[in-house]
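User: I'm new to reading structures, and I'd like to know where the labels come from. Can we go through this one together?

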Amino acid sequence: MNAPAYNFAYLNEQTKRMIRRAILKAIAVPGYQVPFASREMPMPYGWGTGGVQVTAAVLTPEDTLKVIDQGADDTTNAVSIRKFFVKTAGVATTERTEEASVIQTRHRIPEARLTEDQILVFQVPIPEPLRFLEPRETETRTMHALEEYGVMHVKLYEDIAQYGEIATTYAYPAKVADRYVFDPSPIPKFDNPKLDDCPALQLFGAGREKRIYAVPPYTKVKSLDFEDHPFEVQSWDEPCALCGSRDSFLDEIVMDDQGTRMFVCSDTDFCAGKRGDR
Amino acid sequence: MTERGFSDVAVQSAHAFRAIMQAMARPGRVLELGADIEAPEPLLASTAAIALTLCDFQTPIWLAPELRNDKVTHYLRFHAGAPIMAEPDKAQFLFAEAGPTLPAPDVLMQGTHEYPDRSATLIIQVEGFMPGAVALSGPGIRGSEPFGVTGLSASFWAAMANNHADFPVGIDVIFAAPGRVAALPRSTEIRMLEPA
């Protein structure tokens with residue numbers, strides 16, 4: 001056998017130390033976005049370079065890695081990141097949520113309740129929840145420093161004034177440990193309640209935007225809302241067409257050009273488990 | 001001769017970091033930190049593992065007088081390449097033992113309200129842990145967690161309670177005991193259980 005072509009988990013040790021220092025500060029200040037010296041990765045920005053760098057910095061050879069993209073283990077992004085770590089770290093992989101010790105995810109939280117022994121790594125495109133309301137980094141940084149989040153409530157209020165309800169359905173802003181408003185990445189708001197009081201450590205990596213943040217285990221995560229317009233998650237009129245689940249997040253699949261539609265679980269492992277098919 | 005560092009840097013620093021990270025994520029919980037590493041007296045192997053996992057040329061270090069000798073400074077310069085500072089308020093990572101030379105948290109780098117991450121991490125080398133001095137609560141803790149450290153007085157816990165009061169600025173503490181690690185980030189609320 002040839003000598004390994006990569007350092008364990010691809011990144012060099014100095015890069016890992018830099019990322020690890022950022023992760024520790026991110027955990028110590030829950031919800032605060034720690035700047036880090038994001039590296040170029042062998043995949044384009046937007047494909048999970050932040051999540052991949054965080055995963056590489058926390059991975060040990062004994063870990064079992066699961067990678068999901070919109071809940072599915074078998075989509076391009078998930079498959080290629082999983083193969084990346086098989087090649088560069090030699091770790092075991094799984095599609096079963098309960099078998100994984102590290103789960104990297106794009107835009108979903110698994111339906112199965114996570115445990116203390118698991119780490120969830122989110123891929124984040126835009127880490128700053130205030131960015132679309134205030135484009136200047138200097139301003140948003142000051143707003144976080146002053147805990148000045150009125151503009152976000154105005155945005156949610158304008159939703160109500162215009163549509164009669166809060167129209168934000170994904171990347172729904174939430175407050176971590178009663179201090180920082182954060183962007184939970186573009187997960188459906190259906191998943192926001194799972195962020196709260198979660199036994200697993202949750203880490204967020206934004207590669208292009210060069211930010212890392214964290215939600216420690218058992219931390220309060222409160223989705224922003226109003227007393228008379230409380231936070232609500234999506235619901236569906238019908239169960240999953242494959243497994244019959246009524247309490248999972250469903251994707252709408254267009255079946256033909258006659259308008260036939262099918263609603264199925266977005267979490268493929270959860271759905272297969274329900275069907276006894278795995 | 002300088003002691004060697006990790007026998008396998010990539011793998012052992014990954015294991016050490018997992019323990020440090022889980023300790024920081026679960027304040028007051030004592031976790032195993034075993035590493036195949038040689039450390040110069042009087043550094044513990046666990047302290048050395050934390051230093052070589054987190055420190056490098058980008059991180060100024062400060063050493064308390066009882067930990068500062070030629071062997072230790074040479075070891076840290078050789079393996080980590082870290083600059084060793086004379087003043088504690090210039091250091092990103094500080095190493096000390098539980099005792100009178102422990103620097104006060106409020107003289108160390110606190111970060112700013114804009115950049116609370118630009119703050120010091122204090123690594124305290126301790127003999128062991130004995131729950132009972134304080135009860136911890138906050139992020140990372142389900143309910144509350146009894147905690148205590150051999151050799152740390154009520155004044156330390158009072159100083160750390162003040163450190164928490166300044167959240168989000170402040171320092172974070174890692175406790176290194178033989179083969180074990182625990183942590184106390186600034187986010188943790190501290191309630192004294194024993195009268196001073």
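Analyst: Below we take a few labels and check each against its cut-off, keeping in mind that this is a predicted model.

User: Let's start where the chains meet. What makes α1(A) and α1(B) count as roughly parallel to each other?

Analyst: The angle does. The axes of helix α1 (residues 13-28) of chain A and helix α1 (residues 9-25) of chain B cross at roughly 5°. Angles under 35 degrees count as roughly parallel, so α1(A) and α1(B) get that label. Their axes also come within 10 Å.

User: Which residues make that contact?

Analyst: On α1(A) they are A:Glu13, A:Arg20, A:Ile23, A:Leu24, A:Ile27 and A:Ala28. On α1(B) you'll find B:Val9, B:Ala10, B:Ser13, B:Phe17, B:Met21, B:Met24 and B:Ala25. By class, that's 10 nonpolar, 1 polar and 2 charged.

User: And how many residues are in contact between chain A and chain B?

Analyst: 31 residues of chain A are in contact with 29 residues of chain B. On the chain A side, α1(A) gives the most, with 11 residues. Both α1 and α4 (137-145) of chain A supply at least two residues each. That side has 19 nonpolar, 5 polar and 7 charged residues.

User: Which residues touch the most other members of the largest nonpolar core?

Analyst: This core has 126 residues, and the ones touching the most other members are A:Ile23, A:Ala26, B:Ile20, B:Ile174 and B:Phe175. The largest share comes from α1(B), with 9 residues. To picture one of these, take B:Ile174: leaving out residues up to four places away in sequence, B:Ile174 touches B:Ile20, B:Ala23, B:Ile50, B:Thr121, B:Ile123, B:Val181 and B:Ala183. There's also a second, separate core of 7 residues, including A:Phe249, A:Leu250, A:Cys265 and A:Cys271.

User: Now a strand. Why is β9 of chain A called largely enclosed by the rest of the structure?

Analyst: A residue is buried if 20 or more other C-beta atoms lie within 10 Å of its own. In β9 (residues 211-215) of chain A, 5 of the 5 residues are buried, so the strand is largely enclosed. Both faces share in this: A:Arg211, A:Tyr213 and A:Val215 point one way, A:Ile212 and A:Ala214 the other, and all are buried.

User: How do you know that β9(A) pairs with β1 of chain A and with β8 of chain A?

Analyst: Count the bridges. Two strands pair if there are at least two bridges between them. Strand β1 (residues 34-35) has 2 bridges to β9(A), in the antiparallel sense, and A:Pro35 has A:Arg211 as its bridge partner. Strand β8 (residues 201-206) has 5 bridges to β9(A), also antiparallel, with A:Leu203 partnered by A:Ala214. The hairpin of β8(A) and β9(A) has 4 residues between the strands, and A:Lys210 takes a positive phi near 60° there.

Conventions. Residues numbered from 1 in each chain as written. Chains lettered and ligands numbered in written order. Predicted model: local features only at pLDDT ≥ 70, side-chain atom pairs only at ≥ 80, totals over all residues. Axes fitted to C-alpha atoms, helices over the stretch in contact; angles between N-to-C directions. Parallel < 35°, antiparallel > 145°, perpendicular 65-115°, else oblique. Contact = placed C-beta atoms within 7 Å. Nonpolar A, V, L, I, M, F, W, Y, C, P; charged D, E, K, R; others polar. Core = buried A, V, L, I, M, F, W, Y, C linked by C-beta atoms within 7 Å. Buried ≥ 20, exposed ≤ 12 C-beta atoms within 10 Å, placed from the backbone.
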